[in-house]
Amino acid sequence: MFVCICHAVNEKAIQQAVSEGAQNVRDVRRSLNVGSQCGQCVRQAHEVIEQAKALAVDSQFYAA
Ligand code: FES
């Protein structure tokens with residue numbers, strides 16, 4: 001599903017950015033331009049980032 005229509009960025013691209021170190025919308029904006037045009041996607045991008053970060057923490061917890 002597309003999160004940012006203006007830049008054709010989907011959830012997977014944002015999840016990939018988080019796995020590569022992005023921590024917030026500002027980081028994802030730098031790498032993918034999310035939220036840099038109309039701004040309508042910022043809230044959803046934030047939710048996807050937080051979910052991806054939570055999953056990363058969970059996988060680290062269960063891998064230990
Ligand atoms: S939908 Fe992301 S900047 Fe417009």
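Leaving aside its neighbours within four places in sequence, S31 is in contact with A17 and A22, two residues being in contact if their C-beta atoms, placed from the backbone, lie within 7 Å. The model is a predicted one, in which local features need pLDDT of at least 70 and side-chain atom pairs count only at pLDDT 80 or more, while totals for chains, interfaces and linings use all residues. Residues are numbered from 1 along each chain as its sequence is written.

S31 lies in helix α2; helices (H or I, at least four residues) and strands (E, at least two) are DSSP runs, numbered from the N terminus. With 15 other C-beta atoms within 10 Å, S31 is partly exposed. On this scale a residue is buried if 20 or more other C-beta atoms lie within 10 Å of its own, exposed if 12 or fewer, and partly exposed in between, with C-beta atoms placed from the backbone. A separation of 16 Å is found between the C-alpha atoms of S31 and I5, which are 26 residues apart along the chain.

The axes of α1 and α2 are 10 Å apart, and the two helices pack at an angle of about 110°. Axes are lines fitted to C-alpha atoms, for helices over the stretch in contact, and angles run from 0 to 180 degrees between N-to-C directions. α1 and α2 are therefore roughly perpendicular to each other, a term for angles of 65 to 115 degrees. In this contact, A13, I14 and A17 of α1 meet V28, S31 and L32 of α2. The residues of the contact comprise five nonpolar, one polar and no charged; Ala, Val, Leu, Ile, Met, Phe, Trp, Tyr, Cys and Pro count as nonpolar, Asp, Glu, Lys and Arg as charged, and the others, Gly among them, as polar.

Within α1, the buried residues are I14, A17 and V18. They cover an arc of only 100° around the axis, which puts them on the same side of α1; the arc is that of the directions from the helix axis to the C-beta atoms. K12 and S19 are exposed on the other side of α1. Just after α1, G21 has a positive phi of about 120°.

The largest nonpolar core contains 15 residues, and V3, I14, V28, V34, A45 and I49 have the most contacts inside it. Such a core is a set of buried Ala, Val, Leu, Ile, Met, Phe, Trp, Tyr and Cys residues joined through C-beta atoms within 7 Å. Two or more residues of this core come from each of β1 (2-4), α1 (11-19), α2 (25-32) and α3 (42-63), with α3 giving the largest share, four residues. Neighbours within four places in sequence aside, the contacts of A45 are V3, C4, I14, V25, V28, V34 and G35.

Key: Parallel < 35°, antiparallel > 145°, perpendicular 65-115°, else oblique.
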